[in-house]
Amino acid sequence: MTLIHLLIDPFMDFGFMRRALVACLALSLSSAPLGVFLLLRRMSLVGDALSHAVLPGAAIGYLISGISLVAMGVGGFIAGLAVAVMSGWVSRQTPLKEDASFAGFYLGSLALGVTLVSLRGSSMDLLHVLFGSILAVDIHAMTMVGVITTFSMLALAAIYRALVVESFDPVFLRVSMGRWLMLVHALFLSLVVLNLVAGFQILGTLMSVGLMMLPAASARFWAKNLPHTLAIAMVIGMVASIVGLLWSYYASLPAGPAIVLSASLIFFLSILFGTRGGVLSTVRR
């Protein structure tokens, strides 16, 4: 009974813990599948680049309206989408590859965002933007996360077949869809940016990609096909969210790093004990 109380008391006693839990569980439902497709498309580091690209827009929203969820969210989405569009344009118009152009833009975006927040805010405000704050999860944040999760899952279902084909046979999709391929790619990157914007309130701009990529990478070691990978990634994201929130509560840690550390621990255990390519299963065979 003592263990059960330790697990449920923080969520029973404090409203901010319940709100953070609901937001993290909802975010796991939409972010983890996007992470799986980023892995399949060999775009893992693109998610990291876009999470940094969100920062200048969020910082501009913060300078204009203070800690305003709507202003920071809209600014972050516009900035992330702008970096994605510019990186794609540079990769098409120059010999520079897309990953290199993303790297160039995200480094500049990160430096610009930190500078903008530092112009007006204190070091504590900067920490909240970079690493998130569990106290920032109010009813407005929950509503935004819920709307983004619902839209993301519906949009992902609509382009699911195209994403699967592009991940395994991009030449066939290019021939069959033609100009519609760019629309699918743009919508997919928009969904990634949207979910990063939803996650930065809890996890911060530096950590929001963790709940997207780590569960997806961990699921790779347990699943035998794509539907199983998507489902397991969602479950791992939820487990990491619960463990991370409890860890942050009892150890007085920031919620974002605690959740990402929990997901990293699951990733490490998956590497060792995963039934599909894990170290121990490979040695045993």
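At what angle do the axes of helix α11 and helix α12 cross? This is a predicted model, and in it the two axes cross at roughly 125°. They come within 8 Å of each other. Helix α11 covers residues 210-219, and helix α12 covers residues 226-251. The crossing of α11 past α12 is right-handed.

Which residues make the contact? From α11 come L211, P215, A216, S218 and A219. From α12 come T229, I232, A233, I236, G237 and S241. Seven of the contact residues are nonpolar and four are polar. None is charged.

Now move to helix α2, residues 15-40, where S28 lies. Is S28 buried or exposed? Its relative accessibility is 0%, so S28 counts as buried. The side chain of S28 reaches the backbone oxygen of C24 at 2.9 Å. Beyond its neighbours within four places in sequence, S28 is in contact with P33, L211, M234, G237, M238 and S241.

The last stop is R41, in the loop between α2 and α3. R41 has a relative accessible area of 12%; the cut-off for buried is under 20%, so R41 is buried. Its side chain makes a polar contact with the side chain of H185, at 2.6 Å. Leaving aside neighbours within four places in sequence, R41 is in contact with L163, E166, S167, H185 and F188.

Methods. Residues are numbered from 1 along each chain as its sequence is written. This is a predicted model: local features need pLDDT of at least 70, side-chain atom pairs count only at pLDDT 80 or more; totals for chains, interfaces and linings use all residues. Side-chain values use heavy atoms; hydrogens and water are left out. Axes are lines fitted to C-alpha atoms, for helices over the stretch in contact, and angles run from 0 to 180 degrees between N-to-C directions. Helices (H or I, at least four residues) and strands (E, at least two) are DSSP runs, numbered from the N terminus. A crossing is left-handed if the near helix is turned anticlockwise from the far one by less than a right angle, and right-handed if clockwise. Contact means heavy atoms within 4.5 Å. Ala, Val, Leu, Ile, Met, Phe, Trp, Tyr, Cys and Pro count as nonpolar, Asp, Glu, Lys and Arg as charged, and the others, Gly among them, as polar. Buried means under 20% relative accessible area, exposed over 50%, partly exposed in between (1.4 Å probe, protein chains only). A polar contact is a pair of N or O atoms within 3.5 Å; within protein, one must be able to donate a hydrogen and the other to accept it, and residues adjacent in sequence count only if both atoms are side-chain atoms.
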